[in-house]
Amino acid sequence: MFQGFAHVWTPVLPARRLGSKPVGLTLAGERLVLFRAAGGAPAALIDRCPHRGVRLSLGKVTPDGCLACPFHGWQFDGAGANRRVPLDPDAKRERLFATPVPVRQLGELLWVYTAPVAQTPAEPNVPSALVDPSLTRTWLERTWRCHWTRAMENMLDAPHLPFVHRTTIGRPIARQMTADSRLVTSWEEQPWGGRQRSSLDGAKSLGHLDFHRPNMMSLHIPIPGRRFSIHAIVIPLDMSTTRLVIIGARDFAPWRVLNPLFNLVNGIIADQDQAVVESSDPPVVPRPSLEVSVASDKPTLAFRRYFFEQLQESSSEPTVNKACAPLLSASS
Ligand code: FES
Ligand SMILES: [Fe+2]
């Protein structure tokens, strides 16, 4: 399960999209169903009924916060425990559980852990800009036909800015660079990922960019006296489809009416990348020795190291110790 993207936390959905109906989604090749369990707490189960394998996301949420399967009406609570087997009151319900995965609501986002684990995992590492109530945030989505690793590297890649984005964010570099220009990129490993700073021909660095493992880039844009950041989350749906989520966070111009304008700009920038990234061959980033690289590729090579050391071979077991299941749906 979750082949190549197991045992990590990722945002999957804005919390406001999870109402009274279950929501089905695909994450790293695995189908999940999210729903609001008792008390409104978010819950996530593998979207496969343990009885006959149908999609639980086609079912309904009961008034007491269980998810009822659409086929024979079995009801599962937020921890996957079976609470009712209609027409078969003597069924040993403790054996008939669905498989939960951990889920959290943090700020406006729902985060999912990519494993049905027997112990509660460490909590997600969330950049403060995504939960700080004083900031105004925007949300924009794109779907790209590529493997998530190519999209992630694109987000960490500074040297493409004056080419792919020469009419937008890459314009200052495109104007300034000469045939002899040198882009110097530093990369500091961090407990949560890494921080990148770049400078062109010795000029002062233009902000910094953070990689938050496993799949988020945070660009901090330096505006004196202001906080302004853009976060790109690269969510693997399957081997060839990636959901790109771009969140802007700002402490100025708080009026929501301006959000479409911020999204318009972010959308233009993302769309400039799409065709180039989708053309990558091979689709999954290869080991560094199979492509040639230069000094300014340091951040993408750091990502590639992380991917090959920790994620590429990762997978999780399809079953869960049901005795631990109640731990899994705790939410904050
Ligand atoms: S298939 Fe779900 S209850 Fe039968
Ligand atoms: Fe780009």
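Mentor: The answer begins with the chain as a whole, turns to the salt bridges, and then passes to the nonpolar regions and two further residues.

The model is a predicted one. Its chain contains 6 helices and 18 strands. The radius of gyration is 22 Å, close to the 20 Å that the globule rule gives for 332 residues, so the chain is as compact as a globular protein of that length. Along the principal axes, the C-alpha trace spans about 80 × 50 × 30 Å. Of the 332 residues, 52% count as buried. Among contacts between residues at least 6 apart in sequence, 57% join residues at least 24 apart.

Now to the salt bridges. Side chains of opposite charge can pair when their charged atoms come close. A search of the whole structure finds 16 salt bridges. One of them joins D77 to R83, with the closest N and O atoms 2.6 Å apart. D77 has a relative accessibility of 11%; because buried means under 20%, this residue counts as buried.

Another salt bridge pairs R137 with E108, and here the closest N and O atoms are 2.8 Å apart. This pair links distant parts of the chain: R137 lies in strand β12 (residues 136-144), while E108 lies in the loop between β10 (103-106) and β11 (109-113), 29 residues apart. R137 is buried, with a relative accessible area of 9%, whereas E108 is partly exposed, at 38%.

A further salt bridge connects R197 and E188, whose closest N and O atoms are 3.9 Å apart. R197 is partly exposed, with a relative accessible area of 33%, and E188 is also partly exposed, at 35%.

The nonpolar regions complete the setting. The largest nonpolar core has 62 residues, of which F2, L32, L34 and M152 touch the most other members. Leaving out residues up to four places away in sequence, L34 touches V12, L13, L18, K21, P22, V23, L25, A43, A44, L110 and V112. A second, separate core has 14 residues, including F35, L45, L56 and V85.

On the surface, L261, L264, V265 and I268 form a nonpolar patch with about 360 Å² of accessible area together. L261 is in helix α4 (residues 259-278), and it counts as exposed at 53% relative accessibility. The chain exposes about 16200 Å², and carbon and sulfur atoms supply 55% of that area.

A232, in strand β17 (residues 228-238), counts as buried at 3% relative accessibility. Neighbours within four places in sequence aside, A232 is in contact with M155, N215, M216, M217, L244 and V245. A232 and A151 are 81 residues apart in sequence and 9.7 Å apart in space, C-alpha to C-alpha.

M239 is in the loop between β17 and β18 (241-250), and it counts as exposed at 56% relative accessibility. Residues up to four places away in sequence aside, M239 touches C146, H147 and V284. M239 and E278 are 39 residues apart in sequence, and their C-alpha atoms are 12 Å apart in space.

Methods: Residues numbered from 1 in each chain as written. Chains lettered and ligands numbered in written order. Predicted model: local features only at pLDDT ≥ 70, side-chain atom pairs only at ≥ 80, totals over all residues. Heavy atoms only, no water. Core = buried A, V, L, I, M, F, W, Y, C linked by side-chain atoms within 4.5 Å. Buried < 20%, exposed > 50% of the residue type's maximum accessible area, 1.4 Å probe, protein only. Contact = heavy atoms within 4.5 Å. Patch = residues over 30% accessible without salt bridge, like charges linked within 9 Å, V, L, I, M, F, W, Y side chains within 5 Å. Areas by Shrake-Rupley, 256 points an atom, 1.4 Å probe, with all protein chains shown as cover. Salt bridge = Lys/Arg side-chain N within 4 Å of Asp/Glu carboxyl O. Helix = DSSP H or I, 4+ residues; strand = E, 2+ residues; numbered from the N terminus. Rg over C-alpha atoms; globule rule 2.2 N^0.38 Å.
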